[in-house]
Every structure is written in C-alpha cells, then in structure tokens.
Amino acid sequence: MKRLAALAAALVLASCADKAAAPVAYAKCKPCHGVPGAGGTKMAPDLLESSYTLEQFTMQAQSGSQWEGKPAKHQSYRTKSMPPRPEVTQEDTDAIFRYVQTFKKR
Ligand code: HEC
C-alpha cells in the first residue's frame with residue numbers, strides 16, 4: 001500500500017513537471033491570454049493555438065498588433081488589438097514561448 005502511494009505521488013509529480021512554471025514575464029500576458037490550452041479568454045486568443053514562430057511571437061509581444069508581415073489578426077476579442085510591450089525582452093519571449101509549448105499534448 002505504501003508503495004502504491006509513493007507511485008501515485010511520483011506520477012502526480014511527473015505530470016506537474018510536464019508543465020513548467022510560468023515565467024515571470026508571463027504575468028504581462030496572462031490577464032488577456034489566460035492559461036495556455038484553456039481556450040483563451042474574451043480578451044485574447046489561446047497562445048497554445050497560435051502557429052506563430054518564435055520570431056513572430058517576439059514581434060507580436062514587443063510591437064503589439066501592428067508589425068510588418070503580421071499574419072491576419074484575430075478580430076473577435078473584446079480588446080481588438082494587443083498593446084505593444086516593448087519592455088519584454090527576447091529572453092522573456094523565449095521563456096514564454098517555451099512555456100506555452102509545454103502545454104502541447106503529446
Ligand atoms: C490587453 C490584452 C493583451 C495582453 C496584455 C497581451 N495580449 Fe497578446 N493578443 C491580444 C489580442 C486581442 C490578440 C489578437 C489580436 C492580434 O492578433 O493582434 C493577441 C494576439 C497575440 C498573439 C498572436 C496569436 C495568433 O496566433 O494569432 C501572440 C503571439 C500574443 N498575443 C502574445 C502575447 C504575449 C507574449 C503577451 C505578453 C508579453 C501578450 N500577448 C499580452 C491581447 C493581449
């Protein structure tokens with residue numbers, strides 16, 4: 001029985017480890033985008049469903065909804081456009097991008 005409990009605990013830990021802790025910078029995105037994989041919010045689309053490359057993702061984070069070469073924008077959100085976040089660094093977007101990918105189902 002003890003062994004079973006230990007196994008269960010290990011499984012719980014392993015499934016938590018799948019989803020990395022949110023990077024600090026994600027606090028700037030979460031109010032609109034919510035938890036990746038949760039289907040987005042009324043404010044913004046689910047980032048897990050985004051097909052943006054890391055480069056596009058970084059452009060979007062730093063420049064908001066307006067940048068050259070942006071794919072068609074999602075229209076049906078309460079916040080029609082995303083405000084730029086120029087203070088978000090490349091390091092931040094790398095971390096956020098990787099964090100979002102950890103929610104992908106394998
Ligand atoms: C004020 C709300 C708001 C905040 C804060 C916000 N976003 Fe957005 N975001 C939006 C809206 C609205 C869209 C859809 C319009 C568009 O595509 O430009 C969007 C779209 C995106 C997309 C494009 C998704 C796709 O595939 O079309 C990415 C990537 C993105 N946001 C990343 C981020 C990141 C990273 C942060 C944090 C640094 C962030 N957003 C913060 C509102 C927000």
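Is Val24 buried or exposed? Val24 is exposed, because 10 other C-beta atoms lie within 10 Å. Here a residue is buried if 20 or more other C-beta atoms lie within 10 Å of its own, exposed if 12 or fewer, and partly exposed in between, with C-beta atoms placed from the backbone.

The model is predicted: local features need pLDDT of at least 70, side-chain atom pairs count only at pLDDT 80 or more, and totals for chains, interfaces and linings use all residues. Residues are numbered from 1 along each chain as its sequence is written.

**Overall architecture and confidence**

The chain contains 4 helices and 0 strands, and its pattern along the sequence is α-α-α-α. Helices (H or I, at least four residues) and strands (E, at least two) are DSSP runs, numbered from the N terminus. Of the 106 residues, 13% count as buried. Among contacts with a separation of 6 or more, 61% are between residues 24 or more positions apart; two residues are in contact if their C-beta atoms, placed from the backbone, lie within 7 Å.

The mean pLDDT (the predictor's confidence in each residue, from 0 to 100) is 86 for the chain, and 80% of the residues reach 70 or more. Where pLDDT is low, the predicted coordinates should not be read in detail.

**Surroundings of the ligand**

The ligand is surrounded by 25 residues, of which Cys29, Cys32, Ser50, Ser65 and Met82 are the closest. Two or more residues of this shell come from each of helix H2 (30-33) and helix H3 (54-63). The shell comprises 15 nonpolar, 7 polar and 3 charged residues. In this division, Ala, Val, Leu, Ile, Met, Phe, Trp, Tyr, Cys and Pro count as nonpolar, Asp, Glu, Lys and Arg as charged, and the others, Gly among them, as polar.

The largest nonpolar core has 5 residues: Ala25, Cys29, Leu47, Ile96 and Val100. Such a core is a set of buried Ala, Val, Leu, Ile, Met, Phe, Trp, Tyr and Cys residues joined through C-beta atoms within 7 Å. Leu47 touches His33, Pro36 and Val100, leaving aside residues up to four places away in sequence.

In H3, the buried residues are Thr58, Gln60 and Ala61. Viewed down the axis of H3, these residues fall within an arc of 160°, so they line one face of the helix; the arc is that of the directions from the helix axis to the C-beta atoms. They pack against helix H4 (90-101). Just after H3, Gly64 has a positive phi of about 75°.

Val24 is in the loop between helix H1 (2-18) and H2, Gly40 in the loop between H2 and H3, and His74 in the loop between H3 and H4. Gly40 counts as buried, with 20 C-beta neighbours inside 10 Å, whereas His74 counts as partly exposed, with 15. Gly40 touches His33, Gly34, Pro45 and Asp46, again leaving aside residues up to four places away in sequence.

| Pair | Separation in sequence | C-alpha to C-alpha distance |
|---|---|---|
| Val24 and Ile96 | 72 residues | 8.8 Å |
| Gly40 and Tyr77 | 37 residues | 10.0 Å |
| His74 and Ala44 | 30 residues | 8.4 Å |

Methods. Near = placed C-beta within 6 Å.
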